[in-house]
Amino acid sequence: MCTYIVEKTELSGSAKGEHGWMTIDSANVFFDHPFHAPLDHALNIDFVNRASGGSERVAVELSAESARRLVDAILTALKQGEAAHAA
Amino acid sequence: MTNSRTSGRPGEPRIDGGRRGVLVGGVALAAAAAASRTASAQTPAAPKGPYRSQSSWLVEFTGHKGDKGLAYYARPEGAGPFPAAVVIHHAPGWDDWTMEVARKLAHNGIIGIAPNLYFREPGSPDDQAAKARADGGVSDDQVVGDVEGALAFVRARPEANGKVGVMGFCSGGRHSFISAGRIKSINAMVDCWGGSVVVSDPALLVPKRPVNPIDYAKDINCPILGIFGNDDQNPDKAQVNKIEEVLKSLGKTYDFHRYDGAGHAFLASERPNYRPEQAVDAWQKIYAFFHKSLA
């Protein structure tokens, strides 16, 4: 079902998009019909710079399963990396 | 495949089984050209054959508050006059499948015009959709204004017969329902699994969507075709029953088809929910409904 539900979270970092690198300050996250991925529903993330209008974005559309694997991978990488850098 | 059908016509409720149909595929050329070109100038005379020639191109239309936007226009070849339908895209935006729907209509003798409801946003159609979503979606008033603009555009075309329907998918089905209630000149409406037509939580009525769409049912004066999958969660069976109950109590003319073994968006051939048998049948019902209602 098409919804307008969006989880928004603040970020600090950069993303590389159509016009090269850009600063991003937010991610818009939602689980709904994707535009491109051949899925009924996808976990969609738009990395944007809301402070500059939020029109340019870096986007991903992921299956629910792969999105959960990505979450695990992010948490694992953070844990490993932070441990390694603390050593 | 099983498909239950319930219909309403003042004094004529009926139920019967579904039937199978044949979907004729195929798309002719797509070309960008000025909206003002004439039928005779578009293509040389085509030889007679088993398939209909058609053309499609981008046009500029005047939407809500006079804003200029783009629409995809697909028409059957020939002098016409042809019936027409405004194709209202779903929340992910003005995507390839929306254009395919317009071409399918044209291939079957119906002009299809699909306005981009997010044209006010910058960027490509997917970026426009992302921005619209981030901003909480577009307002119902704006959508109705844009649909009115698309209606006016197609009615002014020399190949159109003046009868225009609307059809939409998912949120576009909801928008079709609202448009049919608010735009008196709409001659037929197809709701393909429009979600949130019945809003039970008042918290969901927000400034951009302030009215429960089912409240517009009393104002709909055109025939309605409903296409639903029985495995859909929004609208689920109870919601479809509620919509039908309201239409029936108001004496509206409607024809609902509910397909077993199908869920949400089962006509979308590029997604896993596609159900070919049910989809072929549903398309035949859509074409027949428009030809009958817009003759």
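Start by selecting B:R5, which you will find in strand β1 (residues 3–8) of chain B. Keep in mind as you go that this is a predicted model. B:R5 has 17% relative accessibility, so this arginine counts as buried, the cut-off being under 20%.

Now show the side chains around B:R5. One polar contact, at 2.7 Å, links the side chain of B:R5 to that of B:D255. Another, at 3.5 Å, links the side chains of B:R5 and B:S7.

Next, turn to the aromatic rings. Over all chains, the structure holds eleven aromatic pairs. For one of them, select B:Y73 and B:F153: the arrangement is edge-to-face, with 5.7 Å centre to centre and 75° between the planes. B:Y73 belongs to strand β5 (residues 68–76) of chain B and B:F153 to helix α4 (residues 140–155) of chain B, so this pair ties together parts that are 80 residues apart in sequence. Both B:Y73 and B:F153 are buried.

Then move to B:F169 and B:W193. Their ring centres are 5.7 Å apart and their planes meet at 50°, so this pair is tilted. Because B:F169 lies in strand β8 (residues 160–169) of chain B and B:W193 in the loop between β9 (188–192) and β10 (224–229) of chain B, the pair ties together parts that are 24 residues apart in sequence. B:F169 and B:W193 are both buried.

For the last stop, select B:R133 and A:F30. The charged end of B:R133 sits over the ring of A:F30, 3.9 Å from the ring's centre.

Notes:
Residues are numbered from 1 along each chain as its sequence is written. Chains are lettered from A and ligands numbered from 1 in the order in which they are written. This is a predicted model: local features need pLDDT of at least 70, side-chain atom pairs count only at pLDDT 80 or more; totals for chains, interfaces and linings use all residues. Side-chain values use heavy atoms; hydrogens and water are left out. Helices (H or I, at least four residues) and strands (E, at least two) are DSSP runs, numbered from the N terminus. Buried means under 20% relative accessible area, exposed over 50%, partly exposed in between (1.4 Å probe, protein chains only). A polar contact is a pair of N or O atoms within 3.5 Å; within protein, one must be able to donate a hydrogen and the other to accept it, and residues adjacent in sequence count only if both atoms are side-chain atoms. Rings of Phe, Tyr and Trp (its six-membered ring) pair if their centres lie within 6.5 Å; planes under 30 degrees apart count as stacked, over 60 as edge-to-face and the rest as tilted. A charge sits over a ring if NZ of Lys or CZ of Arg is within 6 Å of the ring centre and within 35 degrees of the ring normal.
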